[in-house]
Amino acid sequence: MKVWSLLLALVIGFALLPSCREKSKINNQIVVTAIGIDAAADGLCKLSIQAIETLKTSGSLSEQSENATRLYEIEAPSVAAALEAFVTTAGRTTYILHNRVIAIGMSALHQQSLVSLTDYFVRNHEGRPLVDMVVCRDSAAAVLEVPSTSYTIPAEHLSMLLQE
């Protein structure tokens, strides 16, 4: 009986030990840093998502020598549908809590109201509560594509510019 209880204690102890599984979970995530909303053909919503490529980062982001982000683009009838389609096509989980900036193109505002464009972000409990928002004269994707020489994450640079 003592042998079985010792064996059970060992099995429970090994099951509770941390392992390298957390690193693989992080590598399978897409960390969203900025979202751009533009109008597309046929009344669709074109979403541009600037996200950190966790597989590109080495150690910490402060040690990065180049841009650690990538811009994804997807079209759908609404912002929520576009984000859902993005998660489906990317095949990885999306972590939206690091979203710093929402950029909205003027063409999107001509098609839909600001309330309908930002409805997903207001209702989403996973998002950051205070996000910088900017309305672009041109496309929001063009703003998110601008590289930053002083910051590894361009959305952080854009957020700093919006706060000044």
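My entries follow, starting with the ground rules.

**Ground rules**

I am working from a predicted model, where local features need pLDDT of at least 70 and side-chain atom pairs count only at pLDDT 80 or more, while totals for chains, interfaces and linings use all residues. Residues are numbered from 1 along each chain as its sequence is written, and side-chain values use heavy atoms, with hydrogens and water left out.

**Overall layout**

I looked up the helices and strands (DSSP runs numbered from the N terminus: H or I of at least four residues for helices, E of at least two for strands). The protein has seven helices and six strands. Along the sequence I read the pattern α-α-β-β-β-α-β-β-α-α-β-α-α. Next came burial (buried is under 20% relative accessible area, exposed over 50%, partly exposed in between, with a 1.4 Å probe and protein chains only). Of the 164 residues, 34% count as buried.

I checked strand pairing, which takes at least two DSSP bridges between two strands. Strand 1 (residues 29–39) runs antiparallel to strand 2 over nine bridges; I30 has its bridge partner, E53, in strand 2. The two strands make a hairpin with five residues between them, and D42 in the turn has a positive phi of about 60°. On to strand 3 (residues 69–76): it pairs with strand 2 in the antiparallel sense too, over eight bridges. There, L71 is the bridge partner of Q50.

Why do I call strand 2 largely enclosed by the rest of the structure? Because eight of its nine residues (residues 45–53) are buried.

**Cysteines**

I searched for disulfides (a pair of cysteine sulfur atoms within 2.5 Å) and found zero. C45 is buried at 3% relative accessible area, and C136 counts as buried at 6%.

**Pocket**

I needed the terms first. On a 1 Å grid over the protein atoms alone, a cavity is a set of points where a 1.4 Å probe fits but cannot get out; a pocket is an open set with protein on both sides within 12 Å along at least five of seven lines; and lining residues have an atom within 4 Å of a point. Grid points are joined across faces, edges and corners, and a volume is the space filled by probe spheres set on the points.

The largest pocket holds about 190 Å³ of space. Among its lining residues I noted I96, F121, R128 and M133. Helix 5 (114–123) and strand 6 (132–136) each supply at least two lining residues.

**Cavity**

How many cavities of 30 Å³ or more does the structure hold? I found one, and the largest cavity has a volume of about 30 Å³. Its lining includes C45, A108 and L117. Strand 1 gives the largest share of that lining, three residues.

**Aromatic pairs**

I looked for ring pairs (Phe, Tyr and the six-membered ring of Trp, centres within 6.5 Å; planes under 30 degrees apart are stacked, over 60 edge-to-face, the rest tilted). The count came to two. Y120 and F121 form an edge-to-face pair, 5.5 Å centre to centre with 80° between the planes. Y120 is partly exposed at 24% relative accessibility, whereas F121 is buried at 18%.

P154 sits in helix 7 (residues 154–163) and is buried, with a relative accessible area of 8%. Its C-alpha atom is separated by 8.9 Å from that of A68, 86 residues apart along the chain.
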